[in-house]
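Welcome, and please open your viewer before reading on. We will go from stop to stop, selecting a few things at a time.

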Amino acid sequence: MKKIHIVLLVLIVAAIAILISFMPSGGGLTTYESIADAKSKQGKVVHIVAKLDKSKPVEYDQVNNPNYLSFTAVDSLGGTVKVVYNNAKPDNLEHSDRLVMKGKMVGDQFECNNIMMKCPSKYSDDPNRIQESMNKTAK
Amino acid sequence: MDYIGEALLPGQIGHFLVILSFVASIIATISYFISARTANLAEAESWKKIGRISFFIDVVSVLGIFIILYSLIADHRYEYQYVYKNSGNDLESKYILSAVWSASEGSFILWALWHALLGVILIFTAKKWEAPVMTVLSLAQVCLATMMLGIYFFGNKIGASPFALFREQMPELPIFQDPGYVNRPEFQDGNGLNMLLQNYWMVIHPPVLFLGFASTIVPFCFAMGGLLTKKYGDWVKPALPWALLSACVLAVGIMMGGAWAYESLSFGGYWAWDPVENASLVPWLTLIAGIHTLLIYKHTGRSLQTSFFLIALTFILILYSTFLTRSGILGETSVHSFADLGMNAQLFLFLYVFLWLPTILSFTNGKSRLIGLAIAAGLVLLSYYRLPVVIIDVLGIKAERPREIAEIIGRTFPLVGSMGAIILLLVNLNKLIPSIKKEEAASSREFWMFIGSLVILISAVIITAQTSVPVYNKIFGLSIAPSEDVEFSYNRIQIFIAIIIGVLTATGQYLKYKETGKQYFMKKIGWPFLISAVAAGIILYFGNINYDKYGIGYLSFIWIAIACSVFAIIANLAYLWIGIKGNLRLSGPSVAHFGFAMMLLGILISSSKKEVLSYNTNGIFVPIEENKITGKTGENYTLPKGIKMDMGKYWVTYSGDSSHPKKSQKYFKIDFIDKETKEDFTLKPNAFINYKGNEGLSANPDARHYWNYDVFAYITALADPSKLQDTTSFATRTLKIGDSVYLSKKLIVLDTIQSRDSLPEELFGKDGKLYEARFSIFDPGQENSLQFSMPKLAIAKGESISIPDTLSNGSLILVLNKYDGRQAEVGVKEPNAIQDFLTLKVYKFPFINLLWLGTLIMALGFIIAMVRRIQVAKN
């Protein structure tokens, strides 16, 4: 067998592997969706970028079940959905500006299995925020 | 306005040193380049001298920059924005170092400092290679210096200076209206160092990782020197020890990052296939592949083209990784990238320059080099000026769609340029370096080493393809998100790579260069093979490895990979006697491969046998009756303070907490008792709570280490102080049947509520009701502690009358306030206690020590091999 043949063979295997890795089943890639689009894709795993709706209650009772969190999310297009997350409540949930949530719609709730919080970092270029924290220092 | 009290001088000196470093490294690059190209010895020598002096000026400047930044942070000079952003008064002195390199600007300083040190060593050791090698290294220093310039050039910001004044960066901040702002009380503390970075690993991980990054440039410089001087094969000998050093340091640096993630962050493991992690792993993989092809070249004269390519690719991938982690392009996909400093174009250019450098040098005449340069620069400029969009405008097309497509095409130019550079390099290398016509024998060592290198390269290509998704999104305007199951999307492919590499690691050294006799091979490998088969059999049979989350197919591949890594461990250990007869000077490869195989085994076992100890079905473990819960079970477990709780294999008690004297950091004391062995130990996970205005909790785990496993706990949620009940009055709770409430040392479960019929009408009126609730009250850590309490609620003649019940010892009073047939409102009063609780996760990682030990042994193997290669190069 010539070396070039082996190289070609391995390249083909690699190409197939890359294709498999991008296939949607199992560990494949997903897409970012708006809440409205996610609702029309029942049962399909998607990513939603949304905000916590602070006017609705956040339900988390550590004592009765530390693995049940539910809240309402609202996205930039105005879609809202009830989110259920079977894990501990991320402590900075209320302070996040954006939530990147991975999960799927089941019925009318979004069953989320991963939440990434995007928090306004304190040295974000918002002078008001910096001034506020400086005022705290003074106290 | 004249400001009072600012320390401006250090910043001015620092800024001057940045510019000095920039200018000095430009002069060094040019002088060394001329020296490398000059045939006249005396002339070349004098240019080299200028190069040296300029490089030493650069070294001193970079060192000065580092020292000044360190002292500004140590002196808390918050008038400098970098100091304000990344440090605070509460930092212990070891974390002042972490603060220096905690953000993008500072880590560039660290990188430049390592380059400077490596450059000094090269000046004294590289001899005839000094001029070409230092040309390339000085060019890299030019690029790094631009990252720290922080000046404006035709309206474009170049670099971000660590010495920028806060008031100049953010003049709109009201405090800067006051000329004496430095002395205002608001200005006496900084923003503080990111909580995650306040960890001893962050003191040592970044310098080691950056030395790993920085050192990959040395083999790259030698390869470029080979192209520049047209001595295509001579660079291999001096480059090899450097490549081994780099592989060693980079591996240790990456695994220190893993240890940091494992020990200090709440990622629940040492590796998560996060883009930032991948970006540092991939160059290591190509470097390992490159070291193997370099060895093939040294022994057989083959694979020189591949070596050039892999060594060049390694450094290019380091720059790609820098681009990914600092440009902010990863956005949503990574948990730990640097803050975006708005230097994307500049970071890309750094990558692009070094992408084209090998390609341009691989042209042999000046004319082709110029054409190459023109194409490279042209593509970027045309993309910058959005040529396709300009064409659309000129053609007068107004429609939306063609314009969008033109935008996308414009954005693909740099990508096309990058890919074009790589393809051109391959074509040129093929022309420059004659390949040996005769095929290598299938029984030769070089043949299988080459296959192994190819497989490693493929692993690197696949990881890069998967990690680069945010780049595709950016260029093509897509919205592809990470996988549903990120780790599995990598693991399911890399498991095959692990199997192939495992077998090759085991058998490779038993093959001879050129050709191996079948009998020789069988005889030598026979015993190691048999012993491995038995050992693997025992591990698989008794190891109880049944990770079937992804089906039996995937599990069987894990089994095969475990067997292969056991084979690799034993075969490399045996080779010390069978192959090199205990000659330790030659033992580098065996030791490194042994360590690598041990890492592989550690990775396979620890990840497939990771156990969640805090897995539970109820919030609080309730032994009586079925507790109705909402939702699924999970990995979090709630511990009320002071109550001994049942957590699977352990009795666990949250026994107390203490606070850090200076920081808002709290330590929690969790006592564990193993139910079987009765062994007890205490874990003290801690958390930063609302640190420096960063609202919320940042948890640091604590682990108990055993030789064969670790128990690892971290806080996931704390009680909301506003919800902790005031215990001197009645606290009301709404409960359903089966719900539980905890109080200090007690659990209260609402068992039933019965309503009585046939009530006397003269007392209760027409619609009178009498509810009788039964509560079970017990201490889960204490046997026979069950007590009952039966408060009542009567509704008589439209009025509710509650009849509270007090426990016999008076420690608890319960009252039923309301009941609607579904939910009950219950009042709880506990005369003398405060309640607190926390929620945590507890994991068990088995055989994680194999991974750490394997890393150290592999690093040792690299060092032994490096020492030997230095000796070989000298003779």
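Before we start, one term: a residue is called buried when its relative accessible area is under 20%, exposed when that value is over 50%, and partly exposed in between. Also keep in mind that this is a predicted model.

**Stop 1: two loop residues**

Select B:Lys581, in the loop that links helix H21 (551–578) to helix H22 (588–608) of chain B. Is B:Lys581 buried or exposed? Its relative accessible area is 61%, so B:Lys581 is exposed, because the cut-off for that word is over 50%. Its backbone is worth a look too: phi of B:Lys581 is near 50 degrees, which is a positive value in a residue that is not glycine.

Now jump to B:Ser303, in the loop between helix H11 (275–300) and helix H12 (304–326) of chain B. Phi of B:Ser303 is near 65 degrees, again positive in a residue other than glycine. With a relative accessible area of 10%, B:Ser303 is buried, because 10% falls under the 20% cut-off.

**Stop 2: the whole of chain B**

Zoom out and select chain B. Of its 875 residues, 57% are buried. The C-alpha trace of chain B spans about 120 × 85 × 60 Å along its principal axes. If you switch to a cartoon view, look for 24 helices and 24 strands in chain B.

Sequence distance is another thing to explore here. Among the contacts in chain B between residues at least 6 apart in sequence, 70% link residues at least 24 apart.

**Stop 3: a residue inside helix H2**

For one example, select B:Ile65, in helix H2 (residues 41–74) of chain B. B:Ile65 has a relative accessibility of 1% and counts as buried. What does B:Ile65 touch? Setting aside neighbours within four places in sequence, its contacts are B:Gly14, B:Leu17, B:Val18, B:Ile109 and B:Phe163.

**Stop 4: a pair of antiparallel helices**

Select helix H6 (residues 130–149) and helix H13 (residues 344–361) of chain B; their axes come within 10 Å and cross at roughly 170 degrees. H6(B) and H13(B) are therefore roughly antiparallel.

Show the side chains where they meet. On H6(B), the contact includes B:Val136, B:Leu139, B:Ala140 and B:Cys143; on H13(B), B:Phe350, B:Val353 and B:Phe354 are among the residues involved. By class, this contact has eleven nonpolar, two polar and no charged residues.

Stay with B:Phe354 for a moment. Not counting residues up to four places away in sequence, B:Phe354 touches B:Val136, B:Leu139, B:Ala140, B:Cys143, B:Phe220, B:Phe315, B:Ile316 and B:Leu319.

**Stop 5: the nonpolar cores**

B:Phe354 leads us to the largest nonpolar core, which has 189 residues. B:Phe222, B:Trp235, B:Trp284 and B:Phe354 have the most contacts inside this core. Which helix gives the core its largest share? Helix H10 (residues 236–264) of chain B does, with 17 residues.

A second, separate core has 35 residues. To find it, select B:Ala506, B:Ile558, B:Ala561 and B:Tyr575, which are included in it.

**Stop 6**

Next, select helix H8 (residues 200–215) and helix H9 (residues 217–229) of chain B, which pack at an angle of about 5 degrees with their axes 5 Å apart. That angle makes H8(B) roughly parallel to H9(B). The contact is made by B:Phe213, B:Ala214 and B:Ser215 of H8(B) together with B:Ile217, B:Val218 and B:Pro219 of H9(B). By class, that gives five nonpolar, one polar and no charged residues.

**Stop 6: chain A**

Finally, select chain A, where 49% of the 139 residues count as buried. Chain A has three helices and seven strands. Trace them from the N terminus and you will follow the order α-β-α-β-β-β-β-β-β-α. Of the contacts in chain A with a separation of 6 or more, 42% come from residues 24 or more positions apart.

Technical notes. Residues are numbered from 1 along each chain as its sequence is written. Chains are lettered from A and ligands numbered from 1 in the order in which they are written. This is a predicted model: local features need pLDDT of at least 70, side-chain atom pairs count only at pLDDT 80 or more; totals for chains, interfaces and linings use all residues. Side-chain values use heavy atoms; hydrogens and water are left out. A nonpolar core is a set of buried Ala, Val, Leu, Ile, Met, Phe, Trp, Tyr and Cys residues joined through side-chain atoms within 4.5 Å. Buried means under 20% relative accessible area, exposed over 50%, partly exposed in between (1.4 Å probe, protein chains only). Helices (H or I, at least four residues) and strands (E, at least two) are DSSP runs, numbered from the N terminus. Contact means heavy atoms within 4.5 Å. Axes are lines fitted to C-alpha atoms, for helices over the stretch in contact, and angles run from 0 to 180 degrees between N-to-C directions. Angles under 35 degrees count as roughly parallel, over 145 as roughly antiparallel, 65 to 115 as roughly perpendicular and the rest as oblique. Ala, Val, Leu, Ile, Met, Phe, Trp, Tyr, Cys and Pro count as nonpolar, Asp, Glu, Lys and Arg as charged, and the others, Gly among them, as polar.
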